[in-house]
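Hi,

Here is the structure I said I would pass on.

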Amino acid sequence: GTAAEALVGQVVLPGDLLLLPGHYDEDAESERLRLSAGATPQGRLLCGPGLRRSGAGLLVTKCGLLRHRPAGGGAYWVDSQQKRYVPVKGDHVIGIVTAKAGDVFRLDVGGSEPASLSYLAFEGATKRNRPNVQVGDLIYGQFVVANKDMEPEMVCIDSSGKSSGMGIIGQDGFLFKVSLGLIRKLLAPKCEIIQELSQLYPFELVLGMNGRIWVKAKTIQQTLIIVNILEACEYMTAEQRKQALAKLSGN
Amino acid sequence: RQPLSLCVVGERLCSTEEATAGSGTYTRHGFIFSSLAGCLERKNEDNELPVVSVVRDSESQLLPNVGAVVTCKVCSINSRFAKVHILYVGSTPLKSTFRGTIRREDIRATEKDKVEVYKSFRPSDIVLAKVISLGDAQSNYLLSTAENELGVVVARSEAGVQMVPISWCEMQCPRTHTKEFRKVARVQPQFLQT
């Protein structure tokens with residue numbers, strides 16, 4: 001394997017072994033567990049997405065760019081592009097209702113299995129007061145159970161029982177799909193794209209971590225313009241985006 | 001030895017006055033009928049009546065009884081139960097696997113409502129369980145792990161390496177050092193080497 005610091009900012013492939021400082025000569029096969037909870041020699045290093053700890057080093061499991069953050073003991077992770085969504089517990093996603101089976105709705109969230117959503121998992125829902133959900137509706141909710149062994153389960157309330165923005169998404173509007181990296185960029189605090197777009201037209205926006213975006217503006221034409229800009233933001237640089245928006249607001 | 005004679009299910013073999021019913025047979029209206037399709041065997045006892053039995057193969061299929069400890073492999077999990085394949089009954093392997101179910105309330109003896117199936121079993125774990133019910137025609141064997149000596153014996157981590165148990169509810173992977181939750185079976189004292 002090679003030293004982890006030498007590869008920061010470069011492309012790594014699955015199967016690459018990254019050696020951490022202080023362990024260059026150690027044999028990666030020594031796998032003895034120590035019962036005491038003593039700290040590892042190099043401090044508390046965080047092993048982020050795309051990496052897995054293997055013996056003395058880190059094993060890369062996704063292809064992408066290796067990133068490093070020295071703060072707080074250090075963290076390594078791999079920045080990778082992905083379009084296919086894998087359900088993760090706690091993620092807020094937009095799901096499409098595909099079936100009603102007894103007390104449970106089946107939602108398509110773009111993963112390998114449809115997610116289940118109980119009709120009691122809405123704010124103010126009781127056995128007599130059922131939510132008005134039809135097949136084909138859009139639901140914004142979060143995962144409470146999401147792992148590779150079981151089917152994912154969603155709810156539309158948070159831990160205190162309040163809906164906090166989740167639930168059935170209203171009528172009209174436009175749903176489209178983008179890559180997961182763009183969603184993460186749009187969800188960053190003070191995202192420039194959203195700020196610039198909001199100066200163009202007023203609109204409603206729902207971002208799902210599964211790559212789905214729902215937009216609604218005053219007219220259909222405005223909605224479609226916003227959809228096209230958001231889809232193009234994937235590949236446009238900041239200047240190109242500013243030029244495109246300047247042309248539109250000039251019209 | 002008697003010459004080989006075959007019989008089918010429901011064939012009337014003899015009356016209960018001539019012989020006693022053995023395995024693979026049942027008695028109705030004072031007669032012995034066969035309940036399997038196979039070879040008829042008649043064993044002559046010295047003082048008592050001969051025993052009539054029907055065998056299908058040379059070795060009889062061992063069926064798990066209620067209260068037997070079985071070794072099984074988890075094939076799928078759900079938030080309510082875990083489905084398993086029964087591989088061994090006691091220490092004898094089965095020729096064909098049976099299917100079993102471990103319900104969420106039968107995984108542990110204490111705090112049954114706080115049990116999470118995902119934190120007790122995962123698919124491909126090897127589990128020691130006890131049969132609590134044979135089930136009816138459509139359902140599987142009902143199993144339970146609600147004892148200290150029952151539970152997960154062998155499990156693989158997400159990295160694919162066999163894990164080491166560190167407590168009754170956790171196992172650790174020797175390569176990645178991550179801990180995973182399982183309902184671990186306590187090793188019986190006679191198997192511990194000191």
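To start with the interface: how many salt bridges are there between chain A and chain B? The count is zero. Keep in mind that this is a predicted model. On the side of chain A that touches chain B, the elements giving two or more residues are strand E5 (51–54) and strand E13 (150–155) of chain A. E5(A) gives the most to that side, with three residues. Twelve residues from chain A and 15 residues from chain B take part in the contact. The two chains bury about 1,300 Å² between them, and 58% of that is on carbon and sulfur atoms.

Salt bridges do turn up elsewhere: a search of the whole structure, over all chains, gives 20. Here are some from chain B.

- B:Arg103 and B:Asp106 form a salt bridge, with their closest N and O atoms 3.1 Å apart. B:Arg103 is partly exposed, at a relative accessible area of 32%, whereas B:Asp106 is buried, at 10%.
- B:Glu41 and B:Lys43 meet through their side chains in a salt bridge of 3.8 Å, N to O. B:Glu41 has a relative accessible area of 22%, which makes it partly exposed, and B:Lys43 is partly exposed too, at 47%.
- B:Glu180 and B:Arg122 form a salt bridge with the closest N and O atoms 3.6 Å apart. This pair links distant parts of the chain: B:Glu180 sits in strand E16 (residues 179–181) of chain B and B:Arg122 in the loop between E10 and E11 of chain B, 58 residues apart.

Why do B:Glu180 and B:Arg122 get the label they do for accessibility? B:Glu180 has a relative accessible area of 8% and B:Arg122 has 10%; buried means under 20%, so both count as buried. The pair also belongs to a network of salt bridges that links B:Arg122, B:Asp125, B:Glu158, B:Glu180 and B:Arg182.

Back to B:Asp106 for a moment. B:Asp106 is in the loop between strand E10 (92–103) and strand E11 (126–133) of chain B. Leaving out residues up to four places away in sequence, B:Asp106 touches B:Ile132, B:Leu143, B:Ser144, B:Thr145 and B:Ala146.

As for the layout of chain B, it is divided into domain 1 (6–55) and domain 2 (68–186). The C-alpha centres of these two domains of chain B lie 40 Å apart. Chain B also has an open sheet of four strands, in the order E1-E6-E7-E3, with mixed pairing. Strand E1 (6–7) and strand E3 (20–21) of chain B are the edge strands, each pairing on one side only. E3(B) runs parallel to strand E7 (residues 51–55) of chain B and is joined to it by two bridges. B:Ala21 has B:Val52 in E7(B) as its bridge partner.

Now chain A. Which strands pair with E8 (residues 75–79) of chain A, and in which sense? Strand E4 (residues 46–47) of chain A runs parallel to E8(A), joined by two bridges, with A:Leu46 opposite A:Ala75. Strand E7 (residues 64–69) of chain A pairs with E8(A) in the antiparallel sense over five bridges, and here A:Leu66 stands opposite A:Val78. E7(A) and E8(A) form a hairpin with five residues between them, and A:Gly72 in the turn has a positive phi of about 60°.

One side chain to look at in this part is A:Lys62, in the loop between strand E6 (57–60) and E7 of chain A. A:Lys62 is partly exposed, with a relative accessible area of 35%. Its side chain makes a polar contact with the side chain of A:Gln82, at 3.3 Å. Not counting residues up to four places away in sequence, the residues A:Lys62 touches include A:Val12, A:Pro14, A:Gly50 and A:Val78.

Last, helix H1 (residues 180–187) of chain A: A:Leu180, A:Gly181, A:Leu182, A:Ile183 and A:Leu186 are buried there. Among the elements that cover these buried residues are helix H2 (192–200), strand E16 (203–207), strand E17 (212–217) and helix H3 (220–232) of chain A.

Cheers

Technical notes: Residues are numbered from 1 along each chain as its sequence is written. Chains are lettered from A and ligands numbered from 1 in the order in which they are written. This is a predicted model: local features need pLDDT of at least 70, side-chain atom pairs count only at pLDDT 80 or more; totals for chains, interfaces and linings use all residues. Side-chain values use heavy atoms; hydrogens and water are left out. Two strands pair if DSSP finds at least two bridges between them. Buried means under 20% relative accessible area, exposed over 50%, partly exposed in between (1.4 Å probe, protein chains only). Contact means heavy atoms within 4.5 Å. A polar contact is a pair of N or O atoms within 3.5 Å; within protein, one must be able to donate a hydrogen and the other to accept it, and residues adjacent in sequence count only if both atoms are side-chain atoms. Domain bounds come from an automatic or database domain assignment. Buried area is the accessible area (1.4 Å probe) that two parts lose on being put together, summed over both. A salt bridge is a side-chain nitrogen of Lys or Arg within 4 Å of a carboxyl oxygen of Asp or Glu.
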